[in-house]
Amino acid sequence: MEFKTIIEPFKIKSVEPIKISTPSERKIYLENAKYNPFKLESDQVMIDFLTDSGTSAMSANQWAGIMIGDESYAGSKSWEHMHSTIKDLTGYHHILPTHQGRAAERILYSVLGGKGKVFISNTHFDTTRANIEYTGATAFDIPIPEATHPKDYHPFKGNMDIEKLEDLILKHRPENIGCVILTVTNNSGGGQPVSMKNAKDIHSVCKKYGVKFFLDCCRIAENAYFIKHREKEYEDKTYKEIAQEMFSLADGAVMSAKKDALVNMGGFLAIEDEKLSEKCSSLLIITEGFTTYGGLSGRDMEAIAIGLKEIFEPDYLLYRIKSTAYLGEHLDKMGIPLMLPIGGHAVYIDAKEMYPHIPVNQYPGQALVCELYLKGGVRAVEIGSVMFGKYDKAGKLIPAQMELVRLAIPRRVYTQSHIEYVIEVFSKLIENKEYVKGYEITYETEYLRHFTAEFRKL
Ligand SMILES: *Cc1c(COP(=O)(O)O)cnc(C)c1O
């Protein structure tokens with residue numbers, strides 16, 4: 001028998017209370033936070049959609065793993081567990097544990113990067129780009145053209161533009177390419193999936209020119225879900241088999257375990273090439289830790305090993321993708337302008353279209369983030385000109401390409417009624433949307449200003 005309702009495939013054993021606040025309390029909290037939700041205290045937030053990174057609920061099995069974590073400096077059993085799990089999944093021979101994704105990135109890109117080197121990706125995640133540019137290298141994003149049109153449907157909007165890839169390799173010459181990085185799913189491109197066909201095409205182009213190909217595999221299980229259900233020839237494969245096939249096309253991978261490994265901290269770097277892994281291991285020992293822990297506790301490694309298996313369970317993935325889509329589809333039906341189709345880990349709202357009366361230099365995304373908090377105690381993040389805006393020489397704002405607001409859904413944390421509540425908050429929000437005002441920045445830092453900026457309501 002088929003049912004329409006997909007239930008959370010877990011029971012709740014341990015709970016964390018949510019403090020229910022009133023609109024008048026939230027008004028004061030937000031004023032004190034200078035209209036920047038990053039400055040709110042977590043117990044002032046009712047539903048926290050700031051990020052899906054490191055915010056997953058661990059399973060009873062993972063918590064049991066925490067207790068049996070082996071804290072030996074060298075040759076820990078928990079490392080053995082993490083190592084064999086990643087080896088089985090990725091097929092790569094050399095696995096380096098790191099304290100989070102960006103540590104793996106820093107190690108890999110400082111070995112492959114440097115002045116004159118070029119990196120090419122569907123979209124570099126911000127820490128990826130920062131680590132590449134820090135070495136003096138250049139990073140190019142080449143998503144397919146559909147990626148920047150929020151409303152156009154494409155089943156794999158995270159794909160890389162293969163023609164541009166070949167052009168860039170030829171233009172900069174193969175020997176200058178640090179590597180090609182495929183981010184699955186494409187986080188900065190709206191959490192959109194990448195097809196196996198695209199990964200195969202990238203593999204062929206890289207092979208033809210002798211260029212290295214790495215996966216940024218933070219959300220490879222969520223990506224595998226989309227491949228199984230949207231790419232015909234994969235419908236009979238398991239999610240793990242799909243991920244394994246994608247790993248087999250690349251020379252290695254970096255992962256932030258804070259995403260699809262269902263843990264609160266951790267990451268790894270996996271490499272096939274022995275020489276490259278030796279160079280990376282030296283850096284690992286200098287800055288992260290010995291090769292059998294790399295900045296992680298034994299208990300962290302145990303939890304990662306277990307999480308990497310749980311993430312491929314079909315009931316979990318069905319619930320994960322369908323529950324994200326459920327929120328998106330209801331907001332879409334209500335007329336909230338969204339990035340479509342809905343990706344794996346988040347729903348993105350087009351704030352420029354939602355508040356057409358607020359000019360970009362008055363930050364429509366920030367206005368929406370503040371409204372969501374004031375109305376419902378929901379915390380989201382602006383991904384627009386507050387985050388990516390720059391100034392020209394005359395001090396005029398050069399806006400970001402899009403003014404988005406992201407609702408990132410933590411894994412296994414919120415139930416259906418939390419989501420119903422958020423949908424209801426939006427229904428209240430559209431009632432008076434013409435009256436919402438923009439903001440101006442009263443304080444900002446030179447880099448990553450969105451974390452600490454202060455605002456004034458106009
Ligand atoms: C989160 C993330 C990273 C960085 O990982 P951290 O664990 O936050 O350091 C890199 N790439 C992608 C695609 C990510 O989502």
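Q: Which residues gather in a patch of negative charge on the surface?
A: In this predicted model, local features need pLDDT of at least 70 and side-chain atom pairs count only at pLDDT 80 or more, whereas totals for chains, interfaces and linings use all residues. Residues are numbered from 1 along each chain as its sequence is written, and side-chain values use heavy atoms, with hydrogens and water left out. A patch is made of residues with over 30% relative accessible area and no salt bridge, like charges being joined within 9 Å and nonpolar side chains (Val, Leu, Ile, Met, Phe, Trp, Tyr) within 5 Å. The negative patch on the surface consists of Asp251, Glu272, Asp273, Glu274 and Glu278.

Q: What is the relative accessible area of Asp251?
A: Asp251 has its place in the loop between helix H9 (239–249) and strand S7 (252–256), where helices (H or I, at least four residues) and strands (E, at least two) are DSSP runs numbered from the N terminus. Buried means under 20% relative accessible area, exposed over 50%, and partly exposed in between (1.4 Å probe, protein chains only). Asp251 is partly exposed, its relative accessible area being 32%.

Q: Why does the pair of Phe10 and Tyr319 count as edge-to-face?
A: Rings of Phe, Tyr and Trp (its six-membered ring) pair if their centres lie within 6.5 Å, and planes under 30 degrees apart count as stacked, over 60 as edge-to-face and the rest as tilted. The structure holds twelve aromatic pairs. Because the rings of Phe10 and Tyr319 have centres 5.5 Å apart, they pair, and the angle of their planes that makes the pair edge-to-face is 85°.

Q: How many residues apart in sequence are the parts that Phe10 and Tyr319 tie together?
A: Phe10 is partly exposed at 26% relative accessibility, whereas Tyr319 is buried at 6%. Phe10 lies in the segment before helix H1 (23–32) and Tyr319 in helix H12 (residues 314–333), so the distance in sequence between the parts they tie together is 309 residues.

Q: Is Asp70 buried or exposed?
A: Asp70 forms a salt bridge with Lys77, with the closest N and O atoms 3.9 Å apart. Lys77 is exposed at 64% relative accessible area, whereas Asp70, at 15%, is buried.

Conventions: Areas by Shrake-Rupley, 256 points an atom, 1.4 Å probe, with all protein chains shown as cover. Salt bridge = Lys/Arg side-chain N within 4 Å of Asp/Glu carboxyl O. Lys, Arg positive; Asp, Glu negative; His and termini not counted. Charge placed at Lys NZ, Arg CZ, Asp CG, Glu CD.
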